[in-house]
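Colleague: Please place the model before us. I should then like to examine its architecture and its side-chain pairings in turn.

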Amino acid sequence: MTARKTPGKSSDISTRAWQRMLSGRRLDLLDPSPLDIEIADIAHGLARVARWNGQTSGAHIFSVAQHTLLVETVMREQMPRVDHKFRLAALLHDAPEYVIGDMISPFKAVIGDAYKAVEARLLAAIHLRFGLPAVLPAELIALTKASDRSAAYLEATRFAGFSAAEARRFFGSPPKFSAAIERDYLTPWPAEIAERRYLERFAKLAGG
């Protein structure tokens, strides 16, 4: 991501901290502007970023796009009357990973605050772009994290190789979920399906 100086030349090559998007936008990763964020770029990127470092069974990766759809669905099942803005925030909770990737939790802990700061700035810009507060209320953050852990338990035990006891230790008690979730969300989708379904769900929530 970072351009380097060419040895032996006096002129400096400026450090590049931006990402060129397929939409044509150029997103500054260190100082992101909401104006440079497009949902099409987010959906395209997340549909091609693998959860669990790609260590999942099946013909396709389990993408971050599919994961966030699962999180939003779990939240909706557990709290049917939750406000659509809360559900939109759940859908977008991992959106920064469309440019910084999905780093597994143990490695995030090693890297520490630098990664978290970049992630937080990106998420704040994404929130503002789509009509959410830059920093979400503590209640919503807690609700999203609970749904995220429930989704992680299901993913871990279905196709990431965790035993039920191991998943319970890391992600808490197994969630209650419907047969529809098992049928619709716990088989990894091809990237184009994950991208399309993410965009469709976003359109419904953002227009709600």
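Predicted model: local features only at pLDDT ≥ 70, side-chain atom pairs only at ≥ 80, totals over all residues.

Modeller: Residues are numbered from 1 along each chain as its sequence is written, and side-chain values use heavy atoms, with hydrogens and water left out.

Colleague: How many helices and strands are there in the protein chain?

Modeller: Helices (H or I, at least four residues) and strands (E, at least two) are taken as DSSP runs, numbered from the N terminus. From the N terminus on, the order of elements is β-β-α-α-α-α-α-α-α-α-α-α. The count is therefore ten helices and two strands.

Colleague: What percentage of the 208 residues count as buried?

Modeller: Buried means under 20% relative accessible area, exposed over 50%, and partly exposed in between, with a 1.4 Å probe and protein chains only. For the 208 residues of the protein chain, the buried share is 42%.

Colleague: Which residues of α2 are buried?

Modeller: Twelve of the 15 residues of α2 are buried, so this helix is largely enclosed by the rest of the structure. Its buried residues pack against α1, α3 (84–91), α4 (97–100), α7, α9 and α10, a contact being heavy atoms within 4.5 Å. The buried residues are V64, A65, Q66, H67, T68, L69, L70, V71, E72, T73, V74 and M75.

Colleague: How far apart are the end C-alpha atoms of α2?

Modeller: The expected span of a helix is 1.5 Å times one less than its number of residues. For the 15 residues of α2 this gives 21 Å, which agrees with the distance in the model. The end C-alpha atoms of α2 are 21 Å apart.

Colleague: How many salt bridges does a search of the whole structure find?

Modeller: Side chains of opposite charge can pair when their charged atoms come close. A salt bridge is defined here as a side-chain nitrogen of Lys or Arg within 4 Å of a carboxyl oxygen of Asp or Glu. The search of the whole structure finds ten.

Colleague: How many residues apart in sequence are the parts that E38 and R129 tie together?

Modeller: The side chains of E38 and R129 meet in a salt bridge, at 3.6 Å from N to O. E38 lies in the loop between β2 (26–28) and α1 (39–46) and R129 in helix α6 (residues 113–129), so the parts that the pair ties together are 91 residues apart in sequence.

Colleague: Is E72, which forms a salt bridge with R201, buried or exposed?

Modeller: E72 and R201 meet through their side chains at 2.9 Å, N to O. E72 lies in helix α2 (residues 64–78) and R201 in helix α10 (residues 191–206), so the pair ties together parts 129 residues apart in sequence. R201 has a relative accessible area of 13% and is buried. E72, at 0% relative accessibility, also counts as buried.

Colleague: Which residues do salt bridges that share partners join into one network?

Modeller: The E72 and R201 salt bridge has already been described. Salt bridges that share partners join into one network E72, R76, R87 and R201.

Colleague: Which residues does L122 touch, not counting residues up to four places away in sequence?

Modeller: L122 is found in helix α6 and counts as buried at 0% relative accessibility. Its C-alpha atom is separated by 9.5 Å from that of I37, 85 residues apart along the chain. With residues up to four places away in sequence not counted, L122 touches L27, L29, P32, P96, V99 and I100.

Colleague: How many degrees lie between the planes of F130 and F202?

Modeller: Rings of Phe, Tyr and Trp (its six-membered ring) pair if their centres lie within 6.5 Å; planes under 30 degrees apart count as stacked, over 60 as edge-to-face and the rest as tilted. The structure holds eight aromatic pairs. F130 and F202, both buried, form an edge-to-face pair at 5.0 Å centre to centre, and the angle between the planes is 70°.

Colleague: The charged end of which residue sits over the ring of W18?

Modeller: A charge sits over a ring if NZ of Lys or CZ of Arg is within 6 Å of the ring centre and within 35 degrees of the ring normal. At 4.5 Å from the centre of the W18 ring, the charged end belongs to R26.
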